Amino acid sequence: MTVIKAESASFAYPDGTQALHQISTAIDSGEFAAVIGPNGAGKTTLARLLCGILAPQSGKVWIDGWDTSQFPASRLASKVGYVFADPRLQIFTSSVREETAFGPNNLGFSPSETEAAVSEALQVTGLQDKASAHPYDLSYSERRLLALASVIAMRQQAIVMDEPTAGLDGPARRQLQNALALLRRRGTAAIIISHDMDFVADCCARVLGLKDGRLIADGPCSDVLARAELFGQELPCAARLCRASGLPAAYSAEEFVAALQ
Ligand SMILES: Nc1ncnc2c1ncn2[C@@H]1O[C@H](COP(=O)(O)OP(=O)(O)OP(=O)(O)O)[C@@H](O)[C@H]1O
Ligand SMILES: [Mg+2]
């Protein structure tokens, strides 16, 4: 089932910068789609358009059938969650538990539903032992995981994440993978903006490539990552190793192991 759909959606900022030109795409339940592109390509703008924080000036975006130009972002928040690239823009309460409970409470979950959602979100992000901590006492990686937990707890059909691996240490990266596994089990549609091609290759079956505000690639991960340089990105590590050693092309760690065998 299609959860998020854009049809010829264009967006310009008030200063006249035309950030997106006629974007058309559709993301289904259970699909993990990455968005790649060089700095300034329009990835963050597209993320905000696809979760209804911004509405297109022309064309349409629908979230679960709702035209985003007809609903405030606060209503659309019942259908799609947005994890900011900068956790400082998202975190505003004084404890990890309170922060994670804010969204479910706001969406009208019952106290027991909120409790279950908070407990699950803290568990998958590894923050359960920090539930009483003040967010400012967390490390940067933990604050990013908290921002993710607070969205996961809302249990929406879709989630949009802006550069989820940026600045994460090793343990936090593993927690992120853990949280993504939960979203997969739930059948959540995920749109993941990233400059991290290894992460994209390992997590996303589909990749959207943006350049100068235009969607110029949208297809299976290996097809788009084969042209990663066009989008200002290095090839994933697996692909560089294959190229250097004459192995058949592989992009994810799993494909690399298969190519070796
Ligand atoms: N608030 C704003 N006002 C005016 N122009 C903006 C604003 N935010 C972004 N832009 C411009 O819109 C274009 C797309 O920006 P966007 O932030 O969406 O790119 P991005 O692909 O996310 O880049 P990055 O990789 O650096 O995060 C750029 O030309 C940028 O300078
Ligand atoms: Mg950005």
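This is a predicted model: local features need pLDDT of at least 70, side-chain atom pairs count only at pLDDT 80 or more; totals for chains, interfaces and linings use all residues.
Residues are numbered from 1 along each chain as its sequence is written, chains are lettered from A and ligands numbered from 1 in the order in which they are written. Local features need pLDDT of at least 70, side-chain atom pairs count only at pLDDT 80 or more, totals for chains, interfaces and linings use all residues, and side-chain values use heavy atoms, with hydrogens and water left out.

Start with the polar contacts (pairs of N or O atoms within 3.5 Å). A polar side-chain atom of N39 sits 2.9 Å from an oxygen atom of ligand 1. For K43, a side-chain N or O atom is 2.7 Å from a ligand oxygen. For T45, the corresponding distance is 2.5 Å. On its own, ligand 1 has 640 Å² of accessible area, and the protein covers 62% of it. These areas come from the Shrake-Rupley method with a 1.4 Å probe.

Ala, Val, Leu, Ile, Met, Phe, Trp, Tyr, Cys and Pro count as nonpolar, Asp, Glu, Lys and Arg as charged, and the others, Gly among them, as polar.

Now turn to the cavities. The structure holds two of 30 Å³ or more. A cavity is a set of points, on a 1 Å grid over the protein atoms alone, where a 1.4 Å probe fits but cannot get out; lining residues have an atom within 4 Å of a point. Volume is the space filled by probe spheres set on the points, which are joined across faces, edges and corners.

The largest cavity has a volume of about 70 Å³. Its lining consists of V83, R144, L145, L148, M161, P164, L168 and L176. Seven of these are nonpolar, none polar and one charged. Helix 5 (residues 140-152) gives the most, with three residues. Domain 1 (2-79 + 156-260) and domain 2 (81-155) each supply at least three lining residues.

The second largest cavity holds about 40 Å³ of space. Among its lining residues are V151, I152, R155 and L183. Helix 5, strand 7 (158-162) and helix 6 (170-186) each give two or more residues to this lining.

Terms used. A polar contact is a pair of N or O atoms within 3.5 Å; within protein, one must be able to donate a hydrogen and the other to accept it, and residues adjacent in sequence count only if both atoms are side-chain atoms. On a 1 Å grid over the protein atoms alone, a cavity is a set of points where a 1.4 Å probe fits but cannot get out, and a pocket is an open set with protein on both sides within 12 Å along at least five of seven lines; lining residues have an atom within 4 Å of a point. Helices (H or I, at least four residues) and strands (E, at least two) are DSSP runs, numbered from the N terminus. Domain bounds come from an automatic or database domain assignment.
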